[in-house]
Amino acid sequence: HRWLHININDPVERNAWNLSIDIFWAAILSGVASFNAMFAVRLGASNSDIGLLTSLPALVAILISFPAGRFLSTRRQRKPWILWSLAIHRTGYLVLALLPLLKFFDLPVGQLVLWLIILNTFPVQIFNIGWVASLAEAVPEDRRASFFGLRNIIANVTVSVTVFLGGIFLNQVIFPVNYQILYLVGFAASMLSQFFLVRVDAPEKQAPQQPAVRRSLRETLGSLARFFREQPAFTRIVRNTFLYAVGIWMAT
């Protein structure tokens, strides 16, 4: 930060610094995770299993996103929930590195890899929902565009290099030790990312104390419909995100 003339005593610049370093280490794990499907295939997963590996995490995200958002909105302190859910998700890659050892017990390891990755989707969805709001609180509005641009550049460059070097490494080392080492490196990098995330100082908005209200599905859908009518800008971004995602996932 001295080379880049960052004032580490300024809370905003300190947050930007920690979040920029965090995304570098986190992107290494993202690059490693791109080999998940190949790892499952090498351990005996079928074509149908790989189809589930692509579709079920998306279904989990649909089912858990709304309840997770409501849950976090009622927490007085969201940060521990956000960080712990991410830590649990990342620990899943440590377990993934150990799964080939179960082959000695004549277990369907390919299917175990599949279900571990799917189960690992639950905690990361909690993190994803809470993290967006936390980022908005950590970085002022007038600096978000340039800051998110920098994070995206760091993430994309790091993922590209990690996947390229990871592919070379997998070809040079015997299976399954090659994947095990790769997952261990990804897990270690993610723990460094976790260290910098803990250092981010974002003021948390106190959740209002509201009595629990049980609503029927019809009432919930009616409330959502009213919200979309009253918030046209939010409605547009939801619609556009949906259309964009349909195109991307069709290609995938």
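How many cavities of 30 Å³ or more does the structure hold? In this predicted model, the answer is one. About 90 Å³ of space lies in the largest cavity, and ten residues line it. Those closest to its centre are Lys79, Trp131, Ser134, Val200 and Ala202. Two helices deserve a look here: helix 4, spanning 79–98, and helix 6, spanning 121–138, each contribute at least two residues to the lining.

Attention can now turn to charged pairs. The count of salt bridges comes to one, and the partners are aspartate 22 and arginine 151, whose closest N and O atoms are 3.1 Å apart. This pair ties together distant parts of the chain, since aspartate 22 sits in helix 1 (residues 11–33) and arginine 151 in helix 7, 129 residues apart. Are the two partners buried or exposed? Aspartate 22 has a relative accessible area of 3%, so it counts as buried, the cut-off being under 20%. Arginine 151, with a relative accessible area of 9%, is likewise buried by that cut-off.

Ile153, Val157, Val161, Phe164, Leu165 and Ile168 make a nonpolar surface patch of about 580 Å².

Note on methods: Residues are numbered from 1 along each chain as its sequence is written. This is a predicted model: local features need pLDDT of at least 70, side-chain atom pairs count only at pLDDT 80 or more; totals for chains, interfaces and linings use all residues. Side-chain values use heavy atoms; hydrogens and water are left out. On a 1 Å grid over the protein atoms alone, a cavity is a set of points where a 1.4 Å probe fits but cannot get out, and a pocket is an open set with protein on both sides within 12 Å along at least five of seven lines; lining residues have an atom within 4 Å of a point. Grid points are joined across faces, edges and corners, and a volume is the space filled by probe spheres set on the points. Helices (H or I, at least four residues) and strands (E, at least two) are DSSP runs, numbered from the N terminus. Patches are made of residues with over 30% relative accessible area and no salt bridge: like charges are joined within 9 Å, nonpolar side chains (Val, Leu, Ile, Met, Phe, Trp, Tyr) within 5 Å. Accessible areas come from the Shrake-Rupley method with a 1.4 Å probe; for residues, only the protein chains shown count as cover. A salt bridge is a side-chain nitrogen of Lys or Arg within 4 Å of a carboxyl oxygen of Asp or Glu. Buried means under 20% relative accessible area, exposed over 50%, partly exposed in between (1.4 Å probe, protein chains only).
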